[in-house]
Amino acid sequence: MARGLLFVISGPSGVGKNTVLNGVLEERKDMFYSISATTRPPRRNEVNGKDYYFLTKEEFEKAIENGELLEWALVYDNYYGTPRKAVEERLDKGQHVIMDLDIQGAAHIRNNMPEAILIFLLPPSREELKRRLLGRKSEAKAAVEKRLAYLEKELASIDRYDYVVVNDILENACRKVAAIITAEEARADRGYWREQFLT
Ligand code: ADP
Ligand code: 5GP
C-alpha cells in the first residue's frame with residue numbers, strides 16, 4: 001500500500017488556518033489532522049487533546065529530549081511541536097496527514113520529508129489580516145502586535161511553498177485546498193492509481 005501524503009499548511013496568525021482546515025476536514029473525514037503540542041495557554045474555547053496538547057515548559061522540553069517530536073519551534077515566545085508517533089503511524093497505514101505549522105516547522109519538514117506538500121494561506125490584505133486577528137479577541141494587544149510583526153518574515157518565505165491560497169471568501173479557500181489534495185492524489189508518481197485499477 002502507498003504511504004499517505006503529508007500536507008503542511010502555514011500562514012500568518014489570524015489568516016484563517018484553523019477555519020479553513022475545519023472546512024476541509026469536514027469534507028475529507030478520511031484525513032488525519034495532526035494535533036500539536038504547545039506551551040501556550042489554552043484560549044477560552046480550546047480543548048486539550050482536540051485543539052492542542054497543552055504542556056508545561058518542563059513537559060515540552062522532556063518531549064524534545066525523548067525524541068518524541070517530529071519538529072518543534074519557538075513561535076511568539078512559546079514552544080509548538082508535532083508529536084511524531086501519530087503522524088508516522090498514520091502515514092505508514094496509507095492515511096493522508098495535514099498539519100498546521102509555522103514557517104520554521106514547515107522549513108524543517110521540507111528538509112527532512114521532501115515529499116511533503118506545503119501550502120501557504122494568504123490573507124487578501126494586511127488590513128483584513130489585522131481585522132481578523134483583532135476580531136478573534138484571543139490575544140492581548142501586545143500579543144497581537146507581536147503576531148503581526150511576524151508577517152513580513154512569513155511573506156518572504158512563500159517561495160519555499162508549493163501552493164499559495166488566498167483566504168478571501170472562506171468557501172473558495174476551502175475548495176482550493178481540497179482541490180490541491182485531490183490533484184496531489186492523482187499524480188501518477190504517487191502511485192494511488194494502482195489501488196484503484198483492478199487487474
Ligand atoms: P488562524 O488559525 O490562521 O490563526 P483562525 O482560523 O483562528 O486563524 O481565524 C481568525 C479569525 O478570522 C476567526 O475569527 C475566523 O472566524 C475569521 N476568518 C477565517 N477565515 C475567514 C474568511 N475567509 N473571511 C472572514 N473571516 C474569516
Ligand atoms: P496559535 O497560537 O495561533 O494556535 O499558533 C501560532 C503559530 O504556531 C501558528 O503559526 C501555527 O502555524 C504554529 N504552530 C501550531 N502548531 C505547530 C507545531 O506543531 N509546530 C510548529 N512549528 N508550529 C506550529
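## Ligand 2 and its shell

Ala, Val, Leu, Ile, Met, Phe, Trp, Tyr, Cys and Pro count here as nonpolar, Asp, Glu, Lys and Arg as charged, and the others, Gly among them, as polar. On that scheme, the shell around ligand 2 divides into 6 nonpolar, 4 polar and 7 charged residues. This is a predicted model, in which local features need pLDDT of at least 70 and side-chain atom pairs pLDDT 80 or more, while totals for chains, interfaces and linings use all residues. Residues are numbered from 1 along each chain as written, chains are lettered from A and ligands numbered from 1 in written order, and side-chain values use heavy atoms, without hydrogens and water.

In total, 17 residues surround ligand 2 (a heavy atom within 4 Å), and Ser36, Arg40, Tyr52, Tyr80 and Asp100 are the closest. Strands S5 and S6 each supply at least two residues of this shell (strands are DSSP E runs of at least two residues, helices H or I runs of at least four, numbered from the N terminus).

## Polar contacts and burial

Let's look at the contacts (N or O pairs within 3.5 Å). In the side chain of Tyr52, an N or O atom lies 2.5 Å from an oxygen atom of ligand 2. The backbone takes part too: a ligand 2 oxygen is 3.1 Å from a backbone N or O atom of Gly81, and one is 3.5 Å from a polar backbone atom of Leu101. Alone, ligand 2 exposes 520 Å², of which the protein buries 98% (Shrake-Rupley, 1.4 Å probe).

## The largest pocket

Ligand 2 sits in the largest pocket (more than half of its atoms within 2 Å of the grid points). A pocket is an open set of points on a 1 Å grid over the protein atoms alone, where a 1.4 Å probe fits, with protein on both sides within 12 Å along at least five of seven lines; lining residues have an atom within 4 Å of a point. The largest pocket has a volume of about 990 Å³, the space filled by probe spheres set on the points. Of its 37 lining residues, Asn18, Arg43, Glu46, Asp100 and Arg136 are closest to the centre.

Helix H1 (17–27), strand S5 (69–75), strand S6 (78–83) and helix H5 (126–136) each give at least two lining residues, with H1 providing the largest share, 6 residues. The lining has 10 nonpolar, 12 polar and 15 charged residues.

## The second largest pocket

The second largest pocket has a volume of about 220 Å³. Its lining holds 13 residues, with Arg40, Asn78, Glu139, Ala143 and Arg147 nearest the centre. S6 and helix H6 (141–149) give two or more residues each, and H6 gives the most, 3 residues. By class, this lining has 5 nonpolar, 2 polar and 6 charged residues.

Technical notes: A polar contact is a pair of N or O atoms within 3.5 Å; within protein, one must be able to donate a hydrogen and the other to accept it, and residues adjacent in sequence count only if both atoms are side-chain atoms.
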